[in-house]
Amino acid sequence: MYLKKLELHGFKSFASATALEFPRGISAVVGPNGSGKSNIADALRFVLGEQSMKSIRSKKGEDLIFSGSPSKQRLSMASVALHFDNEDRTFPMEFGTVVFKRKIFRDGENQYFLNDAQVRLKDLVELIAKAKLGLKGYTVINQGMGDAILDASPTERKEIIFEALGLKEFQLKK
């Protein structure tokens, strides 16, 4: 499994539809301060089901939707899609490509999609756990998370270790 593409539309500073393609090998997102690198990391956490607005550097869901500029009007919805190569069947599905998509609307409604079929957040979380991606642990490490892991309580550290070991799937079933 590897990340093939990230699509953003209306998410934070990405007013226009934007697609980032990641060919096999090592990929990096680089740029000067203020260019949107952290917004890309936030988009990854968002589409993988993150529920804490603090973790995606926002106070409320509406903050995730492009709020307008002098040349572009504000949008009513934001969406993020992740395309994974699944030829090795890391995700237990018979699809060569697995696409997770999440939409958020100004009224606070969230919609989740798996290969264009609408699903519940619970379904998405279970599939992510089976693939050992995880929502909190090491999937996406934002600025300051290294310190947060070191400062974590024993209970929080245990959860981080369970996720890193791939035990989150079984914890969810329990």
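These notebook entries record what I looked up in the structure.

**Entry 1. Ground rules**

I worked on a predicted model, so I took local features only at pLDDT of at least 70 and side-chain atom pairs only at pLDDT 80 or more, while totals for chains, interfaces and linings use all residues. Residues are numbered from 1 along each chain as its sequence is written, and side-chain values use heavy atoms, with hydrogens and water left out.

**Entry 2. Overall layout**

I began with the secondary structure and found 5 helices and 6 strands in the chain. Helices (H or I, at least four residues) and strands (E, at least two) are DSSP runs, numbered from the N terminus. Read from the N terminus, the order is β-β-α-β-β-β-β-α-α-α-α.

I then looked up burial for the chain: of its 174 residues, 39% are buried. Buried means under 20% relative accessible area, exposed over 50%, and partly exposed in between (1.4 Å probe, protein chains only). The accessible surface of the chain is about 10,200 Å², and carbon and sulfur atoms hold 53% of this surface. Accessible areas come from the Shrake-Rupley method with a 1.4 Å probe, and for residues only the protein chains shown count as cover.

For contacts (heavy atoms within 4.5 Å), I considered those with a separation of 6 or more; 53% of them join residues 24 or more positions apart.

**Entry 3. Strand β3 and its partners**

I turned to β3, where 8 of the 9 residues are buried. Strands pair if DSSP finds at least two bridges between them. β3 pairs with β1 in the antiparallel sense over 7 bridges, and Y2 has D85 in β3 as its bridge partner. β3 and β4 also run antiparallel, joined by 9 bridges. In that pairing I noted L82, whose bridge partner in β4 is F100.

**Entry 4. Aromatic pairs**

I next listed the aromatic pairs and found 4 in the structure. Rings of Phe, Tyr and Trp (its six-membered ring) pair if their centres lie within 6.5 Å; planes under 30 degrees apart count as stacked, over 60 as edge-to-face and the rest as tilted.

F84 and F100 form an edge-to-face pair, with 5.8 Å centre to centre and 75° between the planes. F84 lies in strand β3 (residues 77-85) and F100 in strand β4 (residues 97-105), so this pair ties together parts that are 16 residues apart in sequence. Both F84 and F100 are buried.

F91 and F100 have ring centres 5.3 Å apart and planes at 75°, so this pair is edge-to-face. I found F91 and F100 both buried.

**Entry 5. Salt bridges**

My search of the whole structure gave 9 salt bridges. A salt bridge is a side-chain nitrogen of Lys or Arg within 4 Å of a carboxyl oxygen of Asp or Glu.

I looked up D42 with K12, whose closest N and O atoms are 2.6 Å apart. A network of salt bridges links K12, D42 and R57.

For the salt bridge of E94 with R89, the closest N and O atoms are 3.7 Å apart. E94 is exposed, with a relative accessible area of 68%, and R89 is partly exposed, at 34%.

Where does E50 lie? I found E50 in the loop between α1 and β3. E50 is buried, with a relative accessible area of 8%. R45 forms a salt bridge with E50, the closest N and O atoms being 2.9 Å apart, and R45 is buried as well. I also noted a polar atom of the E50 side chain 3.1 Å from the backbone nitrogen of S52.

**Entry 6. Helix α2**

Last, I asked which residues of helix α2 (residues 121-130) are buried. They are L124, V125, L127, I128 and A129. An α-helix has 3.6 residues a turn, so residues three or four places apart point the same way. Just after α2, I recorded a positive phi of about 60° at K132.

Methods:
Polar contact = N/O pair within 3.5 Å; in protein donor to acceptor, adjacent residues only side chain to side chain.
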